[in-house]
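Good morning. Please look at the sequence and the model on the screen while I go through the core and the ligand site.

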Amino acid sequence: MPWNRRNLIAIEELSRAEIDQVHATAAVFKKTLQRSMKKVLALRGKTIVNLFFEPSTRTRMAFEMAAKRLSADVISFDANASSTTKGETLRDTAQNIQALNADMIVLRHSAAGSPLYLSRLLNIPVINAGDGAHEHPTQALLDTFTMLEHFGSLKGRKVVILGDVLFSRVARSNIWALTKLEADVTLVGPSTLVPHWFSDLGVKVSYDLKSALADAEVVMLLRIQHERQTSSHFPSLGEYTSMFGLNKTRASWLNPKAIIMHPGPINRGVEIDSDLADSSRSVILEQVHNGLAVRMAALFLCSGGHPEAASASV
Ligand code: CP
């Protein structure tokens, strides 16, 4: 089945086959990153605008590098140095970018639904690079790509997502991706940050860290997202760390072959001990590395590239 989406807004709307296509295309592009000549000509002549209204290190740089590796021209929009500071709306900003002949917009915004809104307004593809607490689709695609590299298949694999699920777009996108890939997903954390209604999405919800981590093959840690919290959900960071932070003892409850994941940015000593973040079980930098190939795949496919053509283009 060919990829026939112009936009990448949410994992919720993707089929299993579409997720597989992104992964297969990313695998092709990943091989090119090992070459001395890393560029391919797939998007030569296209202009991609990175429209980031929230801070980002990994996602913004990965999209920028991915566009360059595909030979596109890329413009990174700095919201603080733009006419947004003079009151220009997102709608007007995006329509002006389209009027300047951009071929694609990659949007990060604090407002959930803003990529969907732009995708309905514009005639060019829109890729969601994180919208509020809604979704971060390319993060889940790179996370599942990384898990698949380790385990081959995710069917029945025990994956634990630990921490601030309520405010996490990464958690939501991963819940959709992992359940479509038939993983056995458990969410764990304080009940204020992991409400029981998440079980409606086909995952388990637990407040018992030891039993949740027991024999898990993947643990994905989440940062406490203070920027999206309007009230206190636990007494203090120290209390959170003492009850839910991943340390050496708690990591010993995992399956011996378990991998430790984190979308970044990590807060060392809060959700994860510094030593564990740097340990051989941690695949945090592998995730970042895979993020480049996955963003190349997302840009390529949403530009109208067919998965089979990815091999030809390299
Ligand atoms: N994982 C992630 O989205 O990181 P950035 O906020 O640095 O892009």
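Which residues does Leu187 touch, not counting residues up to four places away in sequence? Leu187 touches Ile161, Val165, Ile175, Val194, Phe198, Val203, Lys204, Val205 and Ser206, where contact means heavy atoms within 4.5 Å.

A word on sources. This is a predicted model, where local features need pLDDT of at least 70 and side-chain atom pairs count only at pLDDT 80 or more, while totals for chains, interfaces and linings use all residues. Residues are numbered from 1 along each chain as its sequence is written, and side-chain values use heavy atoms, with hydrogens and water left out.

Now the core. A nonpolar core is a set of buried Ala, Val, Leu, Ile, Met, Phe, Trp, Tyr and Cys residues joined through side-chain atoms within 4.5 Å; buried means under 20% relative accessible area, with a 1.4 Å probe and protein chains only. The largest nonpolar core has 89 residues, and Leu187 is among the members that touch the most others, as are Ile127 and Met147. Domain 1 (16-135 + 291-313) and domain 2 (137-287) both contribute residues, so this core lies between them; the domain bounds come from an automatic or database domain assignment.

Next, the ligand. The residues around the ligand, each with a heavy atom within 4 Å, include Ser56, Thr59, Arg108, His136 and Pro263. A polar side-chain atom of Thr59 lies 2.6 Å from a ligand oxygen atom. For Arg108, a polar side-chain atom is 2.8 Å from an oxygen atom of the ligand. Pro263 instead has a backbone N or O atom 2.8 Å from a ligand nitrogen atom.

How values were computed. Buried < 20%, exposed > 50% of the residue type's maximum accessible area, 1.4 Å probe, protein only. Polar contact = N/O pair within 3.5 Å; in protein donor to acceptor, adjacent residues only side chain to side chain.
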